[in-house]
Amino acid sequence: SGTSFALGLVGAGIGRSLTPAMQEAEGRAHGLNLTYRRIDAEVRGLAVEDLPSVVHWAQALGFDGLNITHPFKQAVLPLLDEVSRAADDLGAVNTVVIRDGRLVGHNTDWSGWGRAFRSTLPDAVTDRAVVVGAGGAGLAVAYALLDQGAAHVAIHDTDIDRAEAAAIRLGKRFAAERIDAVTDVAAAITDADGLVNATPIGMHGHAGLPVPAALVEERLWVADVVYFPLETELVALARGRGCRVLPGGGMAVGQAVDAFELFTGRRADADRIARHFAEL
Ligand code: NAD
């Protein structure tokens with residue numbers, strides 16, 4: 001395999017994404033000439049209809065891979081020659097490897113979150129969990145939990161249709177008795193060992209908690225996918241109560257680790273990427 005890699009991130013409003021810095025630093029550490037560009041749809045005035053051209057030109061200009069983010073993760077699927085089983089299950093691709101004229105789609109949101117979860121909470125992989133938020137992030141988290149052996153995953157969303165759609169999608173891959181869409185989040189947490197926030201609540205500009213503070217008991221592990229800020233209100237509350245926590249940086253680092261390996265064919269150093277991420 002080569003030592004020179006041209007990569008990019010395609011998404012809208014990605015000016016603050018830490019992915020380019022993580023990928024380039026890991027490339028340098030491997031002695032690779034790895035360049036990673038932002039292709040920001042907001043800056044370039046690109047819409048979902050423009051994605052086929054963007055992907056075509058990335059390929060024509062010799063890009064070796066692309067990360068894909070909001071709002072393109074679904075729209076990219078029909079443009080690919082091959083899609084990994086998990087990305088197909090999730091209906092979302094965040095990593096496209098371009099090699100030998102072929103476009104192959106993967107999803108490292110689920111695998112990256114799962115990697116972070118297993119390294120931080122290794123004894124919790126078979127636990128019962130509640131995932132709050134059934135968008136792309138919640139679906140990826142639930143998929144990872146089920147893939148690594150969670151006894152049960154309850155999915156809660158203020159939009160019950162979204163929770164039910166996620167449960168149906170997951171039920172095509174995993175046993176239906178391990179999955180429920182739930183409206184009563186308090187009852188679900190009472191029955192669970194851990195809680196994941198996969199809503200935007202806690203982000204800068206979306207202050208607050210995704211569930212009532214009283215439900216965050218010491219006996220739970222608590223994970224967040226939000227990582228602007230790294231320490232969300234939920235993570236701070238959980239930490240203060242003595243819960244074990246997995247902040248959202250874990251997912252951001254994990255997806256980058258798996259994407260680096262897919263792009264370059266080299267083993268990424270997850271601890272090194274995490275240390276670098278913490279300095280950014
Ligand atoms: P999305 O908008 O598709 O889904 C969010 C879901 O949360 C929606 O279905 C919404 O109805 C639901 N929701 C909102 N408030 C709720 C509440 N109080 N209770 C229950 N459900 C509620 O968004 P997404 O693409 O799934 O992303 C969610 C968040 O995940 C983003 O804000 C982003 O910060 C984060 N994210 C992080 C990473 C990472 O690498 N750490 C990766 C992807 C996404």
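Student: How many residues does helix α10 have, and what distance does it reach from its first C-alpha to its last?

Tutor: First, how to read a helix label: helices (H or I, at least four residues) and strands (E, at least two) are DSSP runs, numbered from the N terminus. The expected span is 1.5 Å times one less than the number of residues. Here, α10 covers residues 249-264, has 16 residues and reaches 22 Å, close to the 22 Å expected at 1.5 Å a residue.

Student: What kind of model is this, and how are residues numbered?

Tutor: It's a predicted model, where local features need pLDDT of at least 70, side-chain atom pairs count only at pLDDT 80 or more, and totals for chains, interfaces and linings use all residues. Residues are numbered from 1 along each chain as its sequence is written.

Student: Back to α10, then. How many of its residues are buried?

Tutor: A residue is buried if 20 or more other C-beta atoms lie within 10 Å of its own, exposed if 12 or fewer, and partly exposed in between, with C-beta atoms placed from the backbone. In α10, 14 of the 16 residues are buried, so the helix is largely enclosed by the rest of the structure. Just after α10 comes Gly 265, with a positive phi of about 75°.

Student: Now the sheets. In what order do the strands of the parallel one stand?

Tutor: Two strands pair if DSSP finds at least two bridges between them. Follow the pairs and you get an open sheet of six strands, β9-β8-β7-β10-β11-β12, with parallel pairing. At its edges, β9 (179-182) and β12 each pair on one side only. From one strand to the next, the twist averages 20°. For angles like this, axes are lines fitted to C-alpha atoms (for helices, over the stretch in contact), and angles run from 0 to 180 degrees between N-to-C directions.

Student: Which residues stand opposite each other along β10?

Tutor: Take the two neighbours in turn. Strand β7 (residues 128-132) pairs with β10 over four bridges, in the parallel sense. There, Ala 129 is opposite Gly 194, and Val 132 is opposite Asn 197. Next along, three bridges join β11 to the parallel strand β12 (residues 244-246), and Val 222 is opposite Val 245.

Student: Which way do the residues of β10 and β11 point?

Tutor: In β10, Gly 194 and Val 196 point one way, Leu 195 and Asn 197 the other, and all are buried. In β11, Trp 221 and Ala 223 go one way while Val 222 and Asp 224 go the other; again, all are buried.

Student: Which strands does α6 lie across?

Tutor: For packing, think of contacts: two residues are in contact if their C-beta atoms, placed from the backbone, lie within 7 Å. Helix α6 lies across β7, β8 (152-156) and β10, at about 170° to β8. Helix α7 (residues 160-171) also packs on the sheet, touching β8 and β9, and its direction makes about 175° with that of β9.

Student: And the other sheet: what is its strand order?

Tutor: That open sheet has six strands in the order β2-β1-β3-β5-β6-β4, with mixed pairing. Its edge strands, β2 (33-40) and β4 (82-83), have a single partner each, so one side of each is left without a neighbour in the sheet. Inside it, β1 (residues 4-11) and β3 (residues 65-68) run parallel, joined by four bridges; Leu 9 has Asn 67 as its bridge partner. Helix α1 (residues 19-29) lies across β1, β2 and β3, running at about 170° to β2.

Student: Where is Phe 72, and is it buried or exposed?

Tutor: Phe 72 is in the loop between β3 and β4. It counts as buried because it has 26 C-beta neighbours inside 10 Å. Leaving aside neighbours within four places in sequence, Phe 72 is in contact with Val 10, Gly 11, Val 48 and Leu 51.
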